[in-house]
Amino acid sequence: DAHRPAAATVVKELKADVGSAVGLEWLSSAQVVVATRKKVLAGFDVGGGISEAWRIHLPGEPTALAATSTKAGTFVAVTIAFEGVVTAKKVARPIHIYNVEGSTAKPLVQLEHHVADVTALSFTSDGLRLASGDGERKLATWNFDGESWQLGHTGWSSSHTARISCLGWAVDGCNLVSGSLDRHVQVWNAGETSARLKVEDVHKGGVNSICFDDKKALVTGGADGCLKLYQLA
């Protein structure tokens, strides 16, 4: 297979002192962004090597990260763990959106809907929609009209019984998949609020990660150390 890599070579290694990574995402072909347990959000240029481009100190420990590049800009979405005293009063857990331009990242907006820690984020491939899931099994989507972000669907009738741990969009944006600590996967039609398909007992210990390809193939990874490949009909 001419497209199969034969070897991997370390181009450059950088001790960046940013702490244990919670999430790592591509921003472009030349830059990645990392969120860490040291409450750091940082961008690294990786064109031919690796060097720190920018760094932001977050107000708390990050719980989820997603990034996208669109014609309207390059955006990073990150959420922060709640560090206050838990009371009966619900406190908003905002999604922080940053706009990245070269060597700078500036706060753009905070999206408020969830009242439990947001545990999963995912952008569509065109960057115009963002999905978010939380520790109370709630799902939401957000739409970008080229100027601002607006809350989309919120009435998802999730039948997960534990926190949502990962989200993934099909390349065409028509389907959203959620994985959970409850071991199950649910496939959603983007314009509807009831699950199109539920796949049970996918991974012992919970579903940790999900990705789609452009042919409706779905790969899941779990706490059991396994990868599973599904083909959606």
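Accessible areas here come from the Shrake-Rupley method with a 1.4 Å probe. On that basis, the chain in this predicted model shows an accessible surface of about 12,200 Å², with carbon and sulfur atoms supplying 51% of that area. Of the 233 residues in the chain, 45% are buried. The secondary structure is quickly told: there are 19 strands and zero helices. As for how the chain meets itself, 39% of the contacts between residues at least 6 apart in sequence join residues at least 24 apart.

One part worth a look is an open sheet of four strands, ordered β5-β6-β7-β8 and paired in the antiparallel sense. The edge positions go to β5 (62-70) and β8 (104-111); each has a single partner strand, so one side of each is left without a neighbour in the sheet. Ignoring direction, neighbouring strands in this sheet are turned by 25° against each other on average. The antiparallel pairing of β5 with β6 runs over eight bridges, and Ser69 sits opposite Thr74 of β6.

Between two strands of that sheet, β6 (73-80) and β7 (95-101), comes a loop that holds Arg93. Despite its place in a loop, Arg93 is buried, at a relative accessible area of 13%; the cut-off for that label is under 20%. Its side chain gets to within 3.1 Å of a backbone oxygen, that of Val91. Beyond its neighbours within four places in sequence, Arg93 also touches Phe82, along with His114, Val115, Ala116, Asp117 and Val118.

From β9 the chain can be followed through two hairpins. In the hairpin made by β9 and β10, five residues lie between the strands, and Gly127 in the turn has a positive phi of about 75°. Strand β10 (residues 129-134) itself is mostly covered, with five of its six residues buried.

A disulfide is a covalent bond between the sulfur atoms of two cysteines. A search of the whole structure turns up zero of them. Cys166 is in no disulfide, and the nearest cysteine sulfur, that of Cys211, lies 10.0 Å away. The cut-off for a disulfide is a sulfur pair within 2.5 Å. Cys166 counts as buried, at 6% relative accessibility, whereas Cys211 is partly exposed, with a relative accessible area of 42%.

Ile210, in strand β17 (residues 207-212), brings Cys166 back into the picture as one of its contacts. Ile210 is buried, at 13% relative accessibility. Leu167 is 43 residues away from Ile210 in sequence, yet the C-alpha atoms of the two are 6.4 Å apart in space. Setting aside neighbours within four places in sequence, the contacts of Ile210 include Leu167 and Gly168, then Val177, Ser178 and Gly179, as well as Val185. Leu218, Val219 and Thr220 are also among the residues in contact with Ile210.

Technical notes:
Residues are numbered from 1 along each chain as its sequence is written. This is a predicted model: local features need pLDDT of at least 70, side-chain atom pairs count only at pLDDT 80 or more; totals for chains, interfaces and linings use all residues. Side-chain values use heavy atoms; hydrogens and water are left out. Buried means under 20% relative accessible area, exposed over 50%, partly exposed in between (1.4 Å probe, protein chains only). A polar contact is a pair of N or O atoms within 3.5 Å; within protein, one must be able to donate a hydrogen and the other to accept it, and residues adjacent in sequence count only if both atoms are side-chain atoms. Contact means heavy atoms within 4.5 Å. Two strands pair if DSSP finds at least two bridges between them. Axes are lines fitted to C-alpha atoms, for helices over the stretch in contact, and angles run from 0 to 180 degrees between N-to-C directions.
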